[in-house]
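Reader: I would like to go through this structure feature by feature. Please give the idea behind each feature, then the case at hand.

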Amino acid sequence: MDNGTEYYRCFLNGDKEALNKLIHEYWDGLALYLNSFVDDFIEAEEMTEETFLKLYTDKPTFSERSSFKTWLYSVGRNTALYHIRKRKNRHEMFIEDNFDISNKDDIENNHIKAEDKKQLLNAMSKLNPDYRQVLYLVYFEGFTNAETASIMKKSERQVRNLLYRSKIALKEILLREGFEYDGLW
């Protein structure tokens, strides 16, 4: 059940606690989705924080042409793309090996309970970003192809093709690692 629309409406009407409810309900899933862009949970969490900060400060209009969750993930996607473009323009070097990524385990343990799904997520990290995104949105978040297309700014046909190719690529990785996940096929 998507309470996001009601919470956001209450927030826009002055109920600050409603934003806390939105954050509580959508934080982990949005952070995992944004991680598919940058493959860095700390940066993904920063982008998630910025997404919710945009809701708080800018109060963008939600037209209700899609579910709130679809719209929120689109806002998050735009935030991630902005960060990626900004990073490319700065030409900064990142030393990713020098900090603790224990938050990755915390998020995975809270959001993905079964061991099989953790292994699947690990295998997915080896896919190209579009493949990771489409699989995550459809199979982990339960978005329809139409909602996924809206979030990824692609046509439904492109999403169906991406989904098909990403499942083949993921299956090859899983077979190489000696693992099979029956729920995906």
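**Reading the chain**

Author: The chain exposes about 10,600 Å², and carbon and sulfur atoms supply 46% of that area. Bear in mind that this is a predicted model.

Reader: Which elements make up the chain, and in what order do they run from the N terminus on?

Author: The elements run α-α-α-α-α-α-α-α-α. That gives nine helices and zero strands.

Reader: What percentage of the residues count as buried?

Author: Buried means under 20% relative accessible area. Of the 185 residues of the chain, 42% fall in that class.

Reader: Is Asp-39 buried, partly exposed or exposed?

Author: Partly exposed covers the range between the buried limit of 20% and the exposed limit of 50%. Asp-39 has a relative accessible area of 48%, so it counts as partly exposed.

Reader: What is the phi of Lys-59, and which loop holds this residue?

Author: Lys-59 is not a glycine, yet its phi is positive, at about 50°. The residue sits in the loop between H3 and helix H4 (68-90). With 38% relative accessibility, Lys-59 is also partly exposed.

How values were computed
Residues are numbered from 1 along each chain as its sequence is written. This is a predicted model: local features need pLDDT of at least 70, side-chain atom pairs count only at pLDDT 80 or more; totals for chains, interfaces and linings use all residues. Side-chain values use heavy atoms; hydrogens and water are left out. Helices (H or I, at least four residues) and strands (E, at least two) are DSSP runs, numbered from the N terminus. Buried means under 20% relative accessible area, exposed over 50%, partly exposed in between (1.4 Å probe, protein chains only). Accessible areas come from the Shrake-Rupley method with a 1.4 Å probe; for residues, only the protein chains shown count as cover.
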